[in-house]
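Morning, everyone. Please take a look at the next model with me.

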Amino acid sequence: IQAIVRTLMAQKKYQRLRKSVIRFQTLRRCFDAYRRFYYIRRFIILHQAIFRRFLVRKRVGVRRSAAVRIQRGYGGYCARKKFQSRVQQIILLQSIGRGHVQRQRVRDWQQAALRVTKSTRGMLGRRTARHRLNKALMVQSTVRRWLVYRRVRREFAAAQVMQAAARRSLLHKHFQRLRNRVIKCQSVARRRRDLQL
């Protein structure tokens, strides 16, 4: 009888320990997913700031050189050429960044899929009661992982839309300013030419 009681107590203790380990694993996975999202977000914000700084510095230089070129009568053509090349460079940088992020995601998905398959294969050899419990836990963790992934994907898509809108607006404003300056310089040049005639 003592042996039976001891085995029952040992089984209960094992099940309690196993439940606590599974709870710890789910919390750890949630923490890892949140930390990964935080690092990606920080990385994107840092590169946005660096790229915007680069654009602001370039714009200041372009404005000065454009004013000189406009006075010489050759600035409009050069400004259009530079603007088109910048747009192509921005598109190229965007495609490189998106490809890098997508490859990183695929690697993470593959690792997650390997973990899921390993855990499911391990569960198949256990008893029926433990098998059902593990299945329920696996479904919960998969749903949580999917919810986290969906939230990150939506936030990333929203960030991309906002970036595209902001860049379009900045480029449009910059083009309008350059165009207004070209028109102003052309009108001044015409007035001078008319006065000389």
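I'll cover a charged patch, then some aromatic pairs.

This is a predicted model: local features need pLDDT of at least 70, side-chain atom pairs count only at pLDDT 80 or more, and totals for chains, interfaces and linings use all residues. Residues are numbered from 1 along each chain as its sequence is written, and side-chain values use heavy atoms, with hydrogens and water left out.

First, the patch. Arg29, Arg36, Arg115 and Lys118 gather on the surface as a patch of positive charge. Patch residues have over 30% relative accessible area and no salt bridge, with like charges joined within 9 Å. A salt bridge would be a Lys or Arg side-chain nitrogen within 4 Å of an Asp or Glu carboxyl oxygen. Helices α1 (2–72) and α2 (75–124) each supply at least two of the patch residues. Helices here are DSSP runs, H or I, of at least four residues. Lys118 sits in α2. Is Lys118 buried or exposed? Exposed, at 61% relative accessible area. The cut-offs: buried is under 20%, exposed over 50%, partly exposed in between, with a 1.4 Å probe and protein chains only.

Now the rings. The whole structure has 4 aromatic pairs. Ring centres must lie within 6.5 Å; planes under 30 degrees apart are stacked, over 60 edge-to-face, the rest tilted. Phe83 and Phe175 are 6.0 Å apart at 40 degrees, so that pair is tilted. Phe83 is in α2 and Phe175 in α3 (residues 128–196), so the pair ties together parts 92 residues apart in sequence. Phe83 is partly exposed at 27%. Trp109 and Tyr149 pair edge-to-face, 5.1 Å between centres and 85 degrees between planes.

Definitions and conventions
Patch = residues over 30% accessible without salt bridge, like charges linked within 9 Å, V, L, I, M, F, W, Y side chains within 5 Å. Areas by Shrake-Rupley, 256 points an atom, 1.4 Å probe, with all protein chains shown as cover. Lys, Arg positive; Asp, Glu negative; His and termini not counted. Charge placed at Lys NZ, Arg CZ, Asp CG, Glu CD.
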